[in-house]
Amino acid sequence: MVNLLSNAAADSATHAALNGSAGRSFLDGAAHSTLSDANRRLEKALRYVSINEDVAERLRYPKSSLVVSIPVRMDDGSLRIFQGYRVRYDDSRGPTKGGVRYHPGVTLDEVQSLAFWMTFKCAVLNLPFGGAKGGITLNPKELSKFELERLTRGYVDAIADFIGPDIDIPAPDVYTNPMVMGWMMDQYSIIQRKITPAVVTGKPITMGGSQGRESATAMGAFFVMQTVLPRLGKSPENTTVAVQGFGNAGSIIAELLYKAGYKVVAVSDSQGGVYASQGLDIPSVRQIKESSRRLKAVYCEGSVCNDQEHSTITNEQLLELDVDVLVPAALENQITAENAGRIQARYIFEVANGPVTSDADAILENRGIQVFPDILVNAGGVTVSYFEWVQNRNGFYWSADKVNHRLEFAMKQETEHIWAIAQEQDIDLRTAAYVHALNRLDDAIRAKGTRDFYVS
């Protein structure tokens, strides 16, 4: 059994088991920064756990990876070929689970690293799933709706033997939404010649989707914040918040915090942001954003909106505001070694995937800034996806109140566990989250038999 805490020899043996004789990392061969960051964070967490060497061996490589070419007949009659991917990383705890993203930057390395990350996220929330991810390399804004539908159905045609309710369950991610997931479910059902709602999650309600799924990521993050901020002496009325990213998750978490009494002083989207020291009227800002696609600080009464006094700021300036809480809810790698020294927030809650790099982690920790990690904070989405899968399997559907109640219980329970690990072992919260996940993965792999069983 690998024990990192016993002595230097055991520590060396552990790294040999994890990295192999050639010094390989968990995810040898991939160059994506997300991958490298996951490796560094795991290396740190491994110093605080005692896991079987079989766990390291299983996690070094994905269980299976699929690369497909998807021919699509375009509206002008031409034929284009798109590259698609699906990676099932680990299924020790159950069928794999993970989103599908449509983005120009999608690569096999990126999909593999995100599937690796999903393995830990599912373990953190104690879901009976392993980690997976998928994607297609394209700019979806360049395609018509007809072309997107043909592309989506072609992707499912190509991966149909690779997914299924008991194998791998896709979900929405970057630039995919309930309609896209509905197309996927419909195409898979056509192939199987039976209605199979549990093959994907994040579907429209009328096709078997779950109440509360669209707001789940933000709602889960809100429950984490409601659990820990009082412990840090922060009540809503004396807590200022800045939210980077005003998409689905960012806009909803901003409104949840506003309605709970927090002072949300800044929000931003890809074009820039607005700041008002007295606090923004978030419901009105959302109303203008949804109607005009522009971010503007306003107060609205019905259909009448008046300008609110505010400053225009960049995304970079928002990150460096003097606020109590910073919520990065946009893209990865927003807080790096270059700007971590200028961050003034006391607490960071990662609603986006990977917004803080591992190099920045060390700087923020040295400055006393606490980071609440993405594999906990934004896990509300996959948790309600699990609820949707359960409802599809049972053919019995829950109310929004029931979904949110169960989500609240799950998020608060795992937050308490991770908080306790951090306090007991005197480690940062991100490391505590990885320790929590590694312990659960270790339990699952041991249950199937390890070297200790076979040589005893």
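In this predicted model, 7 strands line up as an open sheet with mixed pairing, in the order 11-8-7-6-12-13-14. At the edges stand strand 11 (311-313) and strand 14 (370-372), each pairing on one side only. From one strand to the next, the twist averages 20°; the axes behind such angles are lines fitted to C-alpha atoms, for helices over the stretch in contact, and angles run from 0 to 180 degrees between N-to-C directions.

Residues are numbered from 1 along each chain as its sequence is written. Local features need pLDDT of at least 70 and side-chain atom pairs count only at pLDDT 80 or more, while totals for chains, interfaces and linings use all residues, and side-chain values use heavy atoms, with hydrogens and water left out. Helices (H or I, at least four residues) and strands (E, at least two) are DSSP runs, numbered from the N terminus. Two strands pair if DSSP finds at least two bridges between them.

**Strand pairs in the sheet**

| Pair | Sense | Bridges |
|---|---|---|
| Strand 6 (residues 240-244) and strand 7 | parallel | 5 bridges |
| Strand 7 and strand 8 (residues 272-275) | antiparallel | 4 bridges |
| Strand 13 and strand 14 | parallel | 3 bridges |

Let's look at strand 7. Because 6 of the 7 residues of strand 7 (residues 263-269) are buried, this strand is largely enclosed by the rest of the structure; buried means under 20% relative accessible area, exposed over 50%, and partly exposed in between (1.4 Å probe, protein chains only). A hairpin of 2 residues leads from strand 7 to strand 8, and S268 has G273 in strand 8 as its bridge partner.

E350 lies in the loop between strand 13 (347-349) and helix 11 (358-366). Is E350 buried or exposed? E350 counts as buried because its relative accessibility is 0%. Its side chain joins that of R430 through a polar contact of 2.9 Å; such a contact is a pair of N or O atoms within 3.5 Å, and within protein one must be able to donate a hydrogen and the other to accept it, with residues adjacent in sequence counting only if both atoms are side-chain atoms. Leaving aside neighbours within four places in sequence, E350 is in contact (heavy atoms within 4.5 Å) with residues including P328, V371, F372, D374 and R430.
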